[in-house]
Amino acid sequence: MIALLSALALATTGCAAFSDNSGAGDGPIQVAAAFYPLQYVTQRVAGDLATVENLTQPGKEPHDLELTIKETAEIVDAGLVVYESGFQPTVDDAIDQNSTGDVLDVADVVHLVPFREHGVDSDETDPHFWQDPLRLADVGDAVAKQLSKIDPDHAHDYETNAADLRSDLETLDRDYANGLTGCARDTIVVSHDAFGYLQKYGLTMEAILGLSPDSEPTPADLARLQDLIGKDGITTVFSETLVSRASADALARDMGVRSEVLDPIEGLSDQTSGEDYLSLMRSNLSALEQANGC
């Protein structure tokens, strides 16, 4: 009972401490971003005019996020919350119940495509849109518009920052298009299906685990992938950061091919703490070029 009362007191204190959450005219705007790519974009657009807190702590897998009292208080305190509905149910619920400032749902900004399994569209949309730099640029523009509404005195700054971000992301998009042209192979075997948006560059994705990084592959799934690796001459099975490499490593070992890492950039880890979205996407591009003989 004492612990519960202490937790409630902390939450109440946190909410009361930021009763004015507009941020305009009172120093930097407080923004809560649900996970790393949204934090990256929001910080690029806001510059030093906002304090951007990531609700998903470094090293944590965003799909399975459970919010602490501190993170819930950040939603309450924020003048703006940036999130993707349907990707993190606990964040959706916390925003519905606790947000008091403006809210930007990026699922209303970008066009989410269906998850594809064995070449067939499913009824489920793929949330990993940030693998397409141009979709992420659209989020940057939407963040600039929302911040300009909250803080119109700095609208020009937000618009300029968003334009600079879009320029970087358009360059990245061109580099992917050029780098993945004329490859010896076009099929990628990955641990879970977080890379579907890369199919715009002519790649075909085959996932060991589907959309959930915590699921287990069936014997039929593994047999199908073994046949594919042998038939197509696939050289590499990609695991990823933040989740276990066991399934990808085992498949690669059984087939005598390389096991490498392709970062879904859902969040930073201890190993990637010095990187950012752009550098990680370029590392991924190099890994894809090497694996597919580009």
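In the predicted model shown above, Tyr40, Val41, Arg44, Val45 and Ala46 of helix α2 meet Asp157, Tyr158, Asn161, Ala162, Asp164, Leu165 and Asp168 of helix α6, where a contact means heavy atoms within 4.5 Å. Helices here are DSSP runs of H or I with at least four residues, strands are runs of E with at least two, and both are numbered from the N terminus. The axes of α2 and α6 come within 7 Å and cross at roughly 130 degrees, each axis being a line fitted to C-alpha atoms, for helices over the stretch in contact, with angles running from 0 to 180 degrees between N-to-C directions. The two helices α2 and α6 are therefore oblique to each other, since angles under 35 degrees count as roughly parallel, over 145 as roughly antiparallel, 65 to 115 as roughly perpendicular and the rest as oblique.

Residues are numbered from 1 along each chain as its sequence is written. Because this is a predicted model, local features need pLDDT of at least 70 and side-chain atom pairs count only at pLDDT 80 or more, while totals for chains, interfaces and linings use all residues, and side-chain values use heavy atoms, with hydrogens and water left out.

Helix α6 itself has 25 residues, which at 1.5 Å a residue should span 36 Å, and its end C-alpha atoms are 36 Å apart, in agreement; the expected span is 1.5 Å times one less than the number of residues. Its buried residues are Ala155, Tyr158, Ala162, Leu165, Leu169, Leu172, Asp173, Tyr176 and Gly179, with buried meaning under 20% relative accessible area, exposed over 50%, and partly exposed in between (1.4 Å probe, protein chains only). These buried residues of α6 pack against β1 (29–33), α2 (36–46), α5 (133–150) and α9.

A search of the whole structure finds seven aromatic pairs, that is, rings of Phe, Tyr and Trp (its six-membered ring) whose centres lie within 6.5 Å, with planes under 30 degrees apart counting as stacked, over 60 as edge-to-face and the rest as tilted. Tyrosine 36 and tyrosine 40 form a tilted pair, 6.2 Å centre to centre with 45 degrees between the planes, and, being four residues apart in helix α2, they are separated by about one helical turn. Tyrosine 36 is buried at 6% relative accessibility, and tyrosine 40 is buried too, with a relative accessible area of 8%. Tyrosine 176 and tyrosine 201 also form a tilted pair, 5.2 Å centre to centre with 35 degrees between the planes, and this pair links distant parts of the chain, 25 residues apart, from helix α6 to the loop between β7 and β8 (204–207). Tyrosine 176 is buried at 0% relative accessibility, and tyrosine 201 is buried at 9%. Elsewhere, ring pairs link Phe35, Phe87, Phe129 and Trp130 into a cluster.

The structure also holds one disulfide, a pair of cysteine sulfur atoms within 2.5 Å, which joins cysteine 183 to cysteine 294 with an S to S distance of 1.9 Å. The pair lies 111 residues apart, with cysteine 183 in the loop between α6 (155–179) and β7 (187–190) and cysteine 294 in the segment after α9 (277–292). The torsion about the S-S bond is about 100 degrees, so the disulfide is right-handed, and cysteine 294 is partly exposed, with a relative accessible area of 39%.

Taken as a whole, the chain comes to nine helices and 10 strands, and buried residues make up 48% of its 294 residues.
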